Amino acid sequence: MLVAFTREVPPSIDRCELTHLQREPIDRARAIVEHAAYEDVLRQAGCRVERLPPLPDHPDSVFVEDTAIVFDRIAVIARPGAASRRGERASTAKALAVYRPLAWIRPPGTLDGGDVIETPGVVFVGVSGRTNAEGVRQLAAILTPFGVRVVPLPVRECLHLKSAAVWLRAAAALPTILLNPAWIDAAHFEGFDVLEVDPGEPHAANVLAIGGCVICAASFPATRRRLEAQGAATITVPAVELAKAEGGVTCCSVLVEVGAGTFGTTRYSPEQDPKS
């Protein structure tokens, strides 16, 4: 079973961090409706959706993906590159401690979950405006004992690595990477079958493969058709308002596979949080 942790759209969403987009008004009421539809699709895909506590004064807190990366045997609590987001971690850590032992990215490392692509045995990490080389080094030190190799990739023209590429898991017949070749070189993913987004939809690579289907933003129909031509079953979600905050389909959930042997070994305490 998969648990999908989400968080409500905060009333402060209009003060979100922006890097590559010009600020424009965000209709929070519409964003709430779109986010509810997203949660419904997660349920359709077989997830149990659990809401993390609301953080009304944290404008980007709906984008829970950036606060943690969950692996089979450990959960890594990230240290977002935007200082305004670091207060979001504690509630994520408390929720994940039920299911996994925790490790933390600590200063001076920074790491956003949106920069991390997990594939079997190899984790690709974007070195971006939000994730630095020290954050990648710490993640590698955490994962190496589990036999996982960490590969850093440069990210220069978009916010996160997952803005440019995602792994489609078992949703396709081959181990496929969906990517925008204008933002990330396909050569980085040697050994994977690569599918390119439609050139007219540069942001379409951010999809969520889960439960045998691929969740896509409804704004990118041409890329959806490319996925379906490869045999992928797709579901669309409206994602117009949160896209104004540089949010994508993967950003709004942290997924945890729950089964035998997946419980955490220690109780979370606030003292574990590096605080800065």
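User: What should I keep in mind before I start?

Analyst: The model is predicted, so local features need pLDDT of at least 70 and side-chain atom pairs count only at pLDDT 80 or more, while totals for chains, interfaces and linings use all residues. Residues are numbered from 1 along each chain as its sequence is written, and side-chain values use heavy atoms, with hydrogens and water left out.

User: How many cavities does the structure hold?

Analyst: Here is the idea: on a 1 Å grid over the protein atoms alone, a cavity is a set of points where a 1.4 Å probe fits but cannot get out, whereas a pocket is an open set with protein on both sides within 12 Å along at least five of seven lines. Lining residues have an atom within 4 Å of a point. Grid points are joined across faces, edges and corners, and a volume is the space filled by probe spheres set on the points. In this structure there are 2 cavities of 30 Å³ or more.

User: Which residues line the largest cavity?

Analyst: Among them are Glu 34, His 35, Tyr 38, Leu 242 and Cys 252. Helices (H or I, at least four residues) and strands (E, at least two) are DSSP runs, numbered from the N terminus. Helix H1 (28-44) gives the most to this lining, with 3 residues, and helix H6 (240-243) also supplies at least two.

User: How do the two cavity linings divide by class?

Analyst: Ala, Val, Leu, Ile, Met, Phe, Trp, Tyr, Cys and Pro count as nonpolar, Asp, Glu, Lys and Arg as charged, and the others, Gly among them, as polar. The lining of the largest cavity has 8 nonpolar, 3 polar and 1 charged. For the second largest cavity, the division is 4 nonpolar, 2 polar and 6 charged; Asp 60, Arg 85 and Arg 130 are among its lining residues.

User: What lies nearest the centre of the largest pocket?

Analyst: That pocket has a volume of about 910 Å³. Of its 39 lining residues, Val 70, Phe 71, Glu 118, Trp 167 and Arg 169 lie nearest the centre. Strands S3 (68-70) and S9 (165-167) are among the elements that give two or more residues to this lining. The second largest pocket, of about 450 Å³, is lined by 26 residues, with His 203 and Ala 243 among those nearest its centre.

User: How do I read a sheet?

Analyst: Strands of a sheet pair through backbone hydrogen bonds, either parallel or antiparallel. Two strands count as paired if DSSP finds at least two bridges between them. Here 3 strands form an open sheet in the order S6-S7-S8, with mixed pairing. S6 and strand S8 (149-154) stand at the edges with a single partner strand each, so one side of each is left without a neighbour in the sheet. Strand S7 (residues 122-127) pairs with S8 in the parallel sense over 6 bridges, and Gly 126 stands opposite Leu 153 in S8.

User: Which helix links strands S13 and S14?

Analyst: Strand S13 (residues 213-217) and strand S14 (residues 233-237) pair in the parallel sense over 5 bridges. The chain crosses from S13 through helix H5 (residues 221-229) to S14, in a right-handed β-α-β crossover. Right-handed means that, with the strands pointing away from the viewer, the path from the first strand over the helix to the second runs clockwise.
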